[in-house]
Amino acid sequence: MDASLKVQFWGTRGWISTPSLQTTVYGGNTTSLQVLHGDLLVGVDAGFGICNWGEQLAKRIVEKPEPLEIHVFLTRFHWDHIQGLPFFHPIYSPSTRLHLYAPYPKAYTREKLEILFTANYSPFSGLDSMESHMEIEEISKEICIGDLRVQVGEKSEANGVPYRFFAPDGSSLVVAAQSPSLPDFAAGTDLLILDAACTQAEEKAGYPGWGGGTYEEALSLAQASQAKRLICTRHGPYRTDKALFTASLQAGFVPAKEGEIYSVTLSTVLV
Amino acid sequence: MSMSLRLWGVRGSRPVHKGSTLGCGGHSTAFELQLPGEDFALFVDAGSGLAARGPIGGKSLRSIYYVLLTHTHWDHLLGLPFFSPLYEAKNEVHLFSSTTCRGDFPSLFWALFSPSYFPLPVEVKAKLHFHTLVSGADFLLANKVRVQTYQLNHQGVTLGYRFAYGADCVGIVTDHAPLDHGNYLGDGMPVGAAPQFVAAFEVGLVAFMQGCHTVAFDAHFTEETLKLDWGHSTPDRALQFCLQAGVKRLILFHHAPEDSDADIEQKVERCRQQAGKAEIEIVAAREGDVWMLR
Ligand SMILES: [Zn+2]
Ligand SMILES: [Zn+2]
């Protein structure tokens with residue numbers, strides 16, 4: 001069993017999916033990622049990217065039919081963080097148990113997610129009409145999934161909630177939107193995954209990143225956190241590969257690539 | 001005076017982005033009826049394809065926009081908040097949807113913009129007009145384009161559209177499932193077996209499509225993968241209706257997100273074989289394509 005900690009991006013785009021030939025390098029599905037550790041199935045957020053993970057899991061169910069236990073941590077209820085949920089293949093299978101975590105009372109989280117499954121907007125008739133067992137769970141501070149320890153940061157309306165995942169060897173990664181309280185929560189982490197949509201200059205000029213945070217701010221937050229490595233994700237919706245590549249060279253950050261697996265500790269970086 | 005059909009999004013269920021879908025495209029359903037020389041623009045459905053027109057903040061060329069929705073499922077709706085003409089005060093945007101018994105159209109629309117789901121720091125400034133349509137509607141848009149509707153077999157109330165402008169005529173029939181074995185999905189459709197209903201429905205749909213040069217038809221499934229209660233059709237069914245209605249071009253549309261470009265190519269190829277010597281052109285809906293309607 002692989003005891004190391006890795007992360008795979010399934011969706012890297014903010015606001016809306018942008019499938020196109022100009023987004024094949026960095027990705028065009030709305031935001032979702034998987035935390036890889038041993039046999040655990042753990043994800044963060046459920047934008048449309050989660051559907052490609054779902055297709056992978058669906059194939060696995062066909063090859064090896066056994067119940068799936070899936071854990072998804074939600075950072076926010078914005079469309080681009082939840083909209084993939086009704087189309088996540090495993091929820092059509094009665095042997096799937098899907099845990100949805102958020103630091104809110106269950107009824108509140110349920111109410112927020114229910115709209116995705118209502119008959120107004122979907123061919124379904126509510127969350128409970130799906131075949132899998134979906135369990136909404138309220139979390140605070142910390143929770144363990146197997147030997148993976150998950151810390152829950154401070155939540156806010158604007159920035160949602162950050163999560164920090166620890167492997168037993170102490171290595172960790174943080175998934176977060178930019179927020180002033182981040183350096184404490186992410187202090188010394190091996191890998192910091194932050195939202196960032198554009199440069200400061202572009203933000204001033206009205207780039208439609210709409211508050212996704214700038215690369216410069218992401219870099220200074222990473223520095224303040226003494227994070228060993230930073231990856232920026234939730235790319236601006238109309239950002240082409242070329243523009244993103246150029247910006248990453250100029251500002252000096254690593255943009256998340258959809259489909260790519262990143263090791264959390266530098267000694268085992270996969271190139 | 002001519003009308004052409006532009007495909008902004010051809011995918012069903014959800015937008016999808018991966019290497020194997022780049023050829024046909026991954027945006028969910030949106031069409032534009034291009035009407036050169038008119039002072040209004042006309043769109044059908046508001047899936048993510050509608051957002052592919054460009055970012056919010058762009059300057060729109062016209063000031064009157066019509067957006068007609070087949071129904072309000074996510075794949076046909078989620079691009080609407082990214083429709084840039086909504087954010088310009090100079091514009092009038094007319095939004096059309098079916099009447100549904102599950103909540104009114106304006107509240108369905110505004111829920112998309114609710115700050116807890118969509119914290120966009122810009123404001124909808126266009127003057128909005130909400131219109132609800134029933135099956136069998138027949139009216140003129142801007143005194144120029146004749147619009148007719150027909151309720152399809154799909155969850156809720158889903159409308160097929162027929163547009164006629166000058167000598168050009170096009171049909172958009174999505175989403176729609178076969179009515180086999182009492183599979184009646186639409187609101188108001190009879191529960192239980194009613195063979196007369198099926199016959200009347202099918203005759204009605206053929207009559208509705210008659211005169212259309214081109215029809216974009218729901219071909220989400222194949223006969224092998226068909227899941228009746230999911231509310232979608234197959235190339236075979238699409239072809240049968242088009243042949244009966246004398247349609248000249250069938251655009252297989254609403255591709256399943258799981259289908260690769262190769263899968264879609266195969267679907268088209270088999271449908272062409274099925275059509276044999278019949279005089280009909282069969283093509284796959286491909287993002288960015290523009291079809292003349294003659
Ligand atoms: Zn659809
Ligand atoms: Zn539908």
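Q: How much area do chain B and chain A bury between them in this predicted model?
A: Chain B and chain A bury about 3400 Å² between them, and 65% of that area is on carbon and sulfur atoms. On the chain B side, His17(B), Trp74(B) and Tyr117(B) lose the most area to chain A, together 27% of what that side buries. The contact takes 39 residues from chain B and 37 residues from chain A.

Q: What makes the meeting of Arg14(B) and Glu55(A) a salt bridge?
A: The side chains of Arg14(B) and Glu55(A) meet with N to O at 3.0 Å. The cut-off for a side-chain nitrogen of Arg and a carboxyl oxygen of Glu is 4 Å, so the pair counts as a salt bridge. The count between chain B and chain A is two salt bridges. Across the interface there are also 17 residue pairs in polar contact.

Q: Why is the arrangement around the zinc ion (ligand 1) called irregular?
A: Its protein donors are Asp75(B) (OD), His76(B) (NE2), Asp175(B) (OD) and His254(B) (NE2), lying 2.1 Å from the ion. The four donor atoms subtend angles of 94 to 160°. A tetrahedral site needs all angles between 85 and 135 degrees, so the value of 160° rules that label out. The arrangement is therefore irregular.

Q: How do you know that His76(B) and Asp175(B) are buried?
A: The relative accessible area is 0% for His76(B) and 1% for Asp175(B). Buried means under 20%, so both residues qualify.

Q: Which atoms count as donors of the zinc ion (ligand 2)?
A: They are His71(B) (NE2), His73(B) (ND1), His154(B) (NE2) and Asp175(B) (OD), at 2.1 to 2.5 Å. Along the chain the donors follow the spacing H-x1-H-x80-H-x20-D.

Q: What makes the site of the zinc ion (ligand 2) irregular?
A: The angles among its four donor atoms run from 90 to 175°.

Q: Why does the pair His73(B) and Asp175(B) tie together parts of chain B?
A: His73(B) lies in the loop between strand E4 (64–68) and strand E5 (92–98), whereas Asp175(B) lies in the loop between strand E10 (168–173) and helix H2 (195–209), so the pair ties together parts that are 102 residues apart in sequence.

Q: Which residue bridges the zinc ion (ligand 1) and the zinc ion (ligand 2)?
A: Asp175(B) bridges the two ions, which lie 3.5 Å apart.

Terms used
Residues are numbered from 1 along each chain as its sequence is written. Chains are lettered from A and ligands numbered from 1 in the order in which they are written. This is a predicted model: local features need pLDDT of at least 70, side-chain atom pairs count only at pLDDT 80 or more; totals for chains, interfaces and linings use all residues. Side-chain values use heavy atoms; hydrogens and water are left out. Donors are N, O and S atoms within 2.8 Å of the metal (3.2 Å for Na, K and Ca); water is not among the atoms, so sites may look incomplete. Four donors count as tetrahedral if all angles lie between 85 and 135 degrees; four count as square planar and six as octahedral if opposite donors are over 155 degrees apart and all others between 65 and 115; anything else is irregular. Helices (H or I, at least four residues) and strands (E, at least two) are DSSP runs, numbered from the N terminus. Contact means heavy atoms within 4.5 Å. Buried area is the accessible area (1.4 Å probe) that two parts lose on being put together, summed over both. A polar contact is a pair of N or O atoms within 3.5 Å; within protein, one must be able to donate a hydrogen and the other to accept it, and residues adjacent in sequence count only if both atoms are side-chain atoms. Buried means under 20% relative accessible area, exposed over 50%, partly exposed in between (1.4 Å probe, protein chains only).
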